[in-house]
Amino acid sequence: MAYPVPYSAPLPFTLADGKEIIIDGVVAPYCSRFSINLCAGPTFDNFDAALHFNPRFEQNEVVRTHKCGNWGPEEKHGGFPFYRGAAFQLKIVVRHHAFQIYVNNNYFTDFNHRLAKEAVRYLYIAGDVSINRIAFSDVIINPAVPLTLPISGALQHGKQIVIQGVPRHGAQRFNVNLVCGPSFDGCDVALHFDARFNFGSCHNTVVRNHKSSGSWGGEETHANFFPFSCNTPFEIRIYVEHHGYRVTVNNQHFTEFNHRIHPVQRVSHLNIQGDVNLSQVSIQ
């Protein structure tokens, strides 16, 4: 999806520790400069800006500053990781003390808060750049299990769910569920991804299924390998695509599960339960 530039839109959440903003784009071949801004209003022309992130090709500098009536002092350290005509990914992670900024999955810099982060209402992008993806992520660190997490704005095509954790010693099973409401037991389940180490008749099997009106559907168990081991960290990524859910484990394709419950926007909660310790969960 291509976004028009200049681009301005309200943020889907109030900025708080752990929130992420992810922007994929391509620098124009003739680029002089572009900017990514977190503002109190639609632009920085008439509103304050908590973060002005401004790669300037004529100086090979990335300027960071803020605006509170007037522009504040500029920060320029950290190198210049952008190239004309090249794709990039910028990730802004909101921390208690600062905006933590990554470029192409590499840490770039911290920009300490000069204005209250809670005052930010808009993402504003301008300059010689094209934007093809904007994602917003809620990141939860070390959540307790069982976990039930609301999905901001419900599930949509193009979203990703990222789960990092470690199966416990002697684990029998753990499962990840996309649920059409706050209750795993009482609501429809669009995806039940159930890693069974030793449960019932199942040994080292991942069962995929859905539940509608209280009844479970047909199980899918085919797989080329079992990607989990007790006491070994894993990362599950669930990609919401038009035909179904695509699942990778540790950056390897694992399975696909065609949609059985429509539309996907019915899914409103992520549920995780079983013999697993979670280190990080995010919805992008």
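**View 1. Strands S19 and S20 form a hairpin with two residues between them.** In the turn, Asn-250 has a positive phi of about 55°. The coordinates belong to a predicted model, in which local features need pLDDT of at least 70, side-chain atom pairs count only at pLDDT 80 or more, and totals for chains, interfaces and linings use all residues. Residues are numbered from 1 along each chain as its sequence is written, and side-chain values use heavy atoms, with hydrogens and water left out. S19 spans residues 244–249 and S20 spans residues 252–258; strands are DSSP runs of E with at least two residues and helices are runs of H or I with at least four, numbered from the N terminus. The two strands pair in the antiparallel sense over six bridges, where pairing requires that DSSP finds at least two bridges between the strands. Within this arrangement, Val-247 is placed opposite Thr-255 of S20. Asn-250 itself belongs to the loop between S19 and S20, and its phi is positive although the residue is not a glycine. With a relative accessibility of 35%, Asn-250 is classed as partly exposed; the classes are buried under 20% relative accessible area, exposed over 50% and partly exposed in between, for a 1.4 Å probe and protein chains only.

**View 2. Ser-35 is a buried residue of the model.** Its position is within strand S3, which covers residues 34–39. The relative accessible area of Ser-35 is 6%, and therefore the residue counts as buried. When residues up to four places away in sequence are not counted, Ser-35 touches Phe-44, His-52, Phe-53 and Asn-54, and also Tyr-124, Ile-125 and Ala-126. Contact here means heavy atoms within 4.5 Å.

**View 3. The loop between strands S4 and S5 holds Gln-59 and Asn-60.** S4 runs over 49–56 and S5 over 61–68. Gln-59 has 40% relative accessibility, so this residue counts as partly exposed. Asn-60, although not a glycine, has a positive phi of about 50°. A reference point elsewhere in the chain is Arg-168, which is 109 residues from Gln-59 in sequence and 52 Å from Gln-59 in space, C-alpha to C-alpha.

**View 4. Two spans carry the annotation "domain: Galectin" in an unreviewed UniProt entry.** According to that record, the annotation covers residues 7–137 and 147–284; UniProt positions are given in the numbering used here, feature names are shortened, and annotations may be inferred rather than shown by experiment. Residues 7–137 are 56% strand and 0% helix, with 19 Å between the end C-alpha atoms. Residues 147–284 are likewise 0% helix and 56% strand, and their end C-alpha atoms are 17 Å apart.

**View 5. Strand S22 pairs with S11 and with S13.** S22 is made up of residues 276–283, and S11 of residues 129–141. These two strands run antiparallel and are joined by four bridges. Ile-140 faces Val-281 of S22 across this pairing. S13, residues 160–167, also runs antiparallel to S22, and seven bridges join the two. Here Pro-167 stands opposite Val-276.

**View 6. Six strands make up an open sheet with antiparallel pairing.** The order of the strands is S12-S21-S14-S15-S16-S17. At the edges are S12 (147–150) and S17 (215–216), each of which pairs on one side only. Inside the order, S14 (residues 173–179) and S15 (residues 189–199) are paired in the antiparallel sense through seven bridges. Asn-175 has Asp-194 of S15 as its bridge partner. Strands of a sheet pair through backbone hydrogen bonds, either parallel or antiparallel.

View 7. Pro-146 lies in the loop between S11 and S12. Pro-263 is part of the loop between S20 and S21, the latter strand covering 269–274.
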